[in-house]
Amino acid sequence: MAATPMTAGQATQAVGLQPDCVALVAGASGGIGQALVKQLLADERIIRVFAGCRKPEKAEALRELAADDARLRLLQLDTTDPSSIKAATEKMQAAGRLDLVFNTIGILHTPEGMQPEKRLADVDFDDLRLAFDVNALSMMRLAMSLEPLLKQSTAPRFISLSARVGSIEDNRLGGWYAYRASKAALNMLLRTLAIEWARSMPNMTCVALHPGTVATALSAPFTRSKREGVFSPDIAATQLLTVLDNLGPDDSGNFFAWDGKEIPW
Ligand SMILES: NC(=O)c1ccc[n+]([C@@H]2O[C@H](COP(=O)([O-])OP(=O)(O)OC[C@H]3O[C@@H](n4cnc5c(N)ncnc54)[C@H](OP(=O)(O)O)[C@@H]3O)[C@@H](O)[C@H]2O)c1
């Protein structure tokens with residue numbers, strides 16, 4: 001499949017969703033996560049959006065959206081903490097099912113000093129472990145906890161934002177050891193999960209998506225001098241939802257970019 005790239009000003013309605021769709025956006029406080037929440041709420045087929053983030057009490061923009069729209073529920077969700085995932089899952093059980101899970105959680109650098117490595121000597125093993133924990137294991141913890149709710153959907157979709165730099169075949173520049181390797185691990189875990197779910201949930205669409213370069217906190221240190229080819233979060237969200245519209249269970253277990261083109265693993 002190949003979706004048409006979106007440009008500024010095009011419709012932002014989420015597409016391809018079944019009526020009465022119940023969605024979770026994990027990482028809803030992030031640049032892309034928040035834009036996805038807004039666009040899902042703009043679609044009347046959505047009856048519930050759970051927005052998971054580590055500090056909902058500090059997520060001002062999400063709290064304002066929730067004050068205006070009763071379909072939005074904020075949840076405390078730290079995907080490195082199993083008890084937080086368990087508590088969030090229990091709150092979602094009232095909805096009876098999940099039709100769409102959008103995992104947008106990811107780190108490239110942290111305020112504590114983690115930075116993408118330029119060379120071997122820059123590799124820090126605590127940061128390497130942290131990147132695997134947040135970027136790869138978060139997805140597995142979500143999948144394990146949410147599987148029973150996904151099984152209640154007639155057309156479940158489980159989407160994880162990965163990154164093109166996680167493609168082993170596409171790696172020509174080197175560097176960024178922790179981010180690249182943790183996203184490659186995410187990709188393998190997701191591919192393996194998609195194979196299992198194709199057996200237990202034949203209508204499941206489980207894919208990894210690359211959003212392109214998007215103007216968020218994650219990319220900010222690397223896009224300051226770059227304007228061309230950097231998407232706003234709103235455009236990125238529209239593009240991702242458009243790609244998703246063109247994907248079905250036959251595409252499960254694959255990796256697609258913002259323009260709908262498949263990325264080699
Ligand atoms: N921006 C780009 O150019 C780009 C390119 C390729 C791929 N991606 C991928 O797209 C996804 C979204 O990125 P973004 O650009 O929107 O970045 P962002 O604005 O920095 O958002 C990242 C999100 O991850 C959350 N997060 C980090 N650690 C977490 C944890 N332990 N538990 C729960 N949530 C945690 C953050 O929550 P807090 O607010 O609590 O920190 C935040 O909501 C990421 O997976 C990223 O790797 C982005």
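Reply: Let's start with Cys53, which counts as buried because its relative accessibility is 2%. Buried here means under 20% relative accessible area, with over 50% being exposed and anything in between partly exposed (1.4 Å probe, protein chains only). The model is a predicted one, so local features need pLDDT of at least 70 and side-chain atom pairs count only at pLDDT 80 or more, while totals for chains, interfaces and linings use all residues. Residues are numbered from 1 along each chain as its sequence is written, and side-chain values use heavy atoms, with hydrogens and water left out.

A disulfide would be a pair of cysteine sulfur atoms within 2.5 Å, and a search of the whole structure finds zero of them. Cys21 is in no disulfide either, with the nearest cysteine sulfur, in Cys206, 16 Å away. With a relative accessibility of 1%, Cys21 is also counted as buried.

Now to the ligand. There are 28 residues around it, and Ser29, Gly31, Arg54, Tyr179 and Thr216 come nearest; a residue is near when one of its heavy atoms lies within 4 Å. By type, this shell divides into eleven nonpolar, 14 polar and three charged residues. Ala, Val, Leu, Ile, Met, Phe, Trp, Tyr, Cys and Pro count as nonpolar, Asp, Glu, Lys and Arg as charged, and the others, including Gly, as polar.

A polar side-chain atom of Ser29 lies 2.6 Å from one, and a backbone N or O atom of Val214 lies 2.8 Å from one. For Thr216, a polar side-chain atom is 2.6 Å from a ligand oxygen. On its own, the ligand has 900 Å² of accessible area, and the protein covers 88% of it (Shrake-Rupley method, 1.4 Å probe).

The elements giving two or more residues to this shell are α1 (31–41) and α5 (177–200). Helices are DSSP runs (H or I, at least four residues), numbered from the N terminus. Of the eleven residues in α1, eight are buried, among them Ile32, Gly33, Leu36 and Leu40.

Finally, look at Thr242 in helix α7 (residues 233–245). Thr242 is buried because its relative accessible area is 18%, and its side chain reaches the backbone oxygen of Thr238 at 2.7 Å.

Definitions and conventions:
Polar contact = N/O pair within 3.5 Å; in protein donor to acceptor, adjacent residues only side chain to side chain.
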